[in-house]
Every structure is written in structure tokens, then in C-alpha cells.
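Please keep the sequence and the three-dimensional view at hand while reading.

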Amino acid sequence: MAIAKAERLMNLALCLLGTRRPLSKRELRDSIEAYVEAFGPGNGAGGNDDSFNRMFERDKDDLRELGLVIETVESLDGEVGYLARRDSNRLPPITLDAEEAAALGLAAKVWQQARLAGAASGALQKLRAAGLPEDVDPYGAHGALEPRIPVHEAAFEPLMLACRDRRPVVFDYRKATAAHPEQRHVEPWALECWRGHWYLAGWDRDRGAERVFRLSRITGKVRSRGGRYTAPVPDVVTVRETVASWAGEITDRSARIRLRSAAGYPLRAKATSVRELGDGWDELEIPYGHGLDAWLVEFGPDVVVLEPAELRADVVDRLRAVAKG
């Protein structure tokens with residue numbers, strides 16, 4: 001039924017766009033095969049006129065909702081006709097500056113390892129045909145470094161589609177401090193790439209609160225679930241702030257750590273103060289935000305947390321979870 005309706009709407013749109021004069025309902029009824037099959041020719045001999053008129057009005061309204069400008073013209077003899085002038089339904093030229101074109105190219109790079117790579121490339125080709133500057137190469141490198149956004153996680157594509165369609169999902173998630181994954185029921189909001197890692201921000205139904213999930217820790221398949229969202233979806237800026245907070249980029253405290261000399265250069269770059277302790281160790285003061293414990297664990301025995309005590313306990317718990325496998 002959906003395919004039949006789409007074909008009927010397409011044929012009606014082509015008729016209205018292809019005519020130089022207004023076409024009456026009777027002419028449209030006789031010209032479109034779907035109308036002829038359903039109601040017969042528009043010669044006034046049948047009792048299907050009311051049914052046809054209702055369907056035609058619905059189809060006309062659907063086309064207008066899709067953006068087609070349909071004019072209603074009354075002739076001198078009082079007959080009403082319809083047409084869609086091409087100049088009224090032609091999109092204006094799309095003008096993009098170099099920065100906007102580069103942003104589109106960068107977005108398309110996300111799909112280089114995904115099944116929609118062809119669709120992204122085709123979309124850029126259509127934008128070129130519609131007015132994208134020919135001297136701008138969205139895929140080209142405009143400097144010594146070419147930005148790339150890798151997408152290796154299998155969960156990326158189903159989660160992206162779930163965010164777009166506002167569909168709840170279920171997946172198994174393994175926290176850094178847990179030995180085994182557990183099932184999570186989530187209303188996905190948005191995907192964000194932060195420091196080379198992809199994160200999903202959404203509403204955790206089991207916990208009744210917003211949560212951020214790192215895609216590399218999702219195990220198994222992402223399964224869609226029916227039903228509507230139960231929590232309001234925040235705007236994009238709020239989601240980005242949430243991801244930044246969970247990724248440790250928003251800090252309101254400081255932590256003191258011991259760091260082995262000539263090690264942990266990313267930590268040294270973050271440090272607000274560095275003091276040599278001797279015996280191959282330095283003392284650093286670094287910003288403390290959510291996710292710092294997971295980051296410190298990556299440096300293994302080269303880092304010892306001095307304070308606060310809660311950060312030290314979180315790092316110890318993570319190290320024990322890693323030791324258990």
C-alpha cells in the first residue's frame with residue numbers, strides 16, 4: 001500500500017509539473033493509472049466521484065506538505081484546474097563557503113568505514129550539482145594534516161539510526177570497573193566523537209538518569225525496541241556538554257599524583273604544576289573531572305594517585321577489575 005501511494009503521488013507530481021496549462025480533476029483522473037484502476041475514467045458514469053475527490057484532495061495535500069507548490073486556477077468557464085509551475089518549485093542555488101564545504105567533507109569522512117559511504121559521496125555530488133563551489137574539495141587536505149574521524153565500532157550505525165528515528169535501544173555494556181557486561185535500556189539522544197572515541201549520550205531507563213556510553217565498551221548487537229521516549233531530549237549543546245563532562249573535559253577540582261620521570265607526557269601537558277620529588281618521580285597537580293580515573297589507569301605503574309581519596313579508590317577498583325580479566 002505504501003509503495004502504491006508513493007507511485008501515485010509521484011505520477012500526480014509529474015503530471016502537475018509537466019503541464020503548461022492547468023489540468024482539471026477529470027484530466028488528472030484519466031491520466032494517472034492508479035486513479036483509473038481504482039475509480040474508472042472520469043466520464044461521470046460511475047458513483048466513485050466522491051471517493052476519487054477525497055483521495056485526490058488527500059494526495060494534493062500530501063504533495064504540498066512535501067514542498068510542492070500547487071496552484072489552483074479557475075478558467076473563464078468556471079472549471080478549476082491545477083498545475084505546479086517549475087519556476088515556483090525550483091530550489092535556489094546552494095551557496096557554501098570554504099569552511100562549510102570542509103565541514104560537509106569532514107562529516108562524510110565518518111562514513112568511510114560504514115555502509116553509507118556511497119550515500120555520503122552521492123550527497124556531496126548532488127550538492128555540487130546544486131551549487132557547491134567547484135574550487136572547494138571537501139575531501140582534500142587543505143594543509144599538512146588531514147582530519148579523519150574513524151568509525152570502527154559496529155554499534156555506531158544502528159545507534160546513529162536510532163538517534164535519528166528516536167527509537168529506544170537495548171545493548172550489553174561493560175563498564176571499565178566491571179568484569180562482565182550488563183544489559184542497558186537506553187533512549188539515545190546523540191553520538192559525539194571526543195578525543196578520538198565515540199560516545200552515546202542518552203537516557204538510561206533502568207537508572208532513570210542521563211548517561212554517556214563509550215561505544216568501544218558496547219558488546220554484542222544493538223537491538224531496537226518499540227515505544228516512545230519517556231524523557232525529554234535536550235538540545236545539541238547540552239548533549240555535547242554532557243559528553244564533555246563524562247569524558248573528563250569539564251573539571252572543577254584538582255588532583256595530586258606521582259608520575260614517573262620521563263613518562264606520562266599527556267598528563268604533564270594537562271598539569272597546572274609539576275614538582276620534582278627525586279628518585280625518578282615527580283608530583284603533578286592536574287584538573288580532576290569525570291573519567292580521570294579511567295585515563296590514569298592507562299598509564300599503569302607509572303602513576304600513583306595521592307589525593308583525593310575517592311579518585312585513588314576509583315583507580316584501584318579499575319586496576320583490580322583489569323587484573324581479574
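In which sense do strand β9 and strand β10 pair, and over how many bridges? Strand β9 (residues 273-278) and strand β10 (residues 281-289) pair in the antiparallel sense, over five bridges.

## Basis of the report

This is a predicted model, in which local features need pLDDT of at least 70 and side-chain atom pairs count only at pLDDT 80 or more, while totals for chains, interfaces and linings use all residues. Residues are numbered from 1 along each chain as its sequence is written, and side-chain values use heavy atoms, with hydrogens and water left out.

## The chain as a whole

The chain has 11 helices and 11 strands. Helices (H or I, at least four residues) and strands (E, at least two) are DSSP runs, numbered from the N terminus. Of the 325 residues, 33% count as buried; buried means under 20% relative accessible area, exposed over 50%, and partly exposed in between, with a 1.4 Å probe and protein chains only.

Contact means heavy atoms within 4.5 Å. Among contacts between residues at least 6 apart in sequence, 53% join residues at least 24 apart.

## Two hairpins

Two strands pair if DSSP finds at least two bridges between them. In the hairpin of β9 and β10, two residues stand between the strands, and D279 takes a positive phi near 55°. The bridge partner of G278 is W281 in β10.

Strand β1 (residues 71-74) and strand β2 (residues 80-83) also form an antiparallel pair, over four bridges. Here V73 has G81 in β2 as its bridge partner. The hairpin of β1 and β2 has five residues between the strands, and G78 takes a positive phi near 90°.

The buried residues of α7 are F156, E157, L159, M160, A162 and C163, and they pack against β3, β4, β5 and β7. Just after α7, R166 takes a positive phi of about 55°.

## A buried arginine

R184 lies in strand β4 (residues 182-194). Why is R184 counted as buried? R184 is buried because its relative accessible area is 3%. The side chains of R184 and D204 are joined by a polar contact of 2.9 Å. A polar contact is a pair of N or O atoms within 3.5 Å; within protein, one must be able to donate a hydrogen and the other to accept it, and residues adjacent in sequence count only if both atoms are side-chain atoms.

## Helix α11

The buried residues of α11 are L311, V315, R318 and A321. Seen down the axis of α11, these residues fall within an arc of 120°, so they line one face of the helix; the arc is that of the directions from the helix axis to the C-beta atoms. On the other side of α11, A309, R320, A323 and K324 are exposed.
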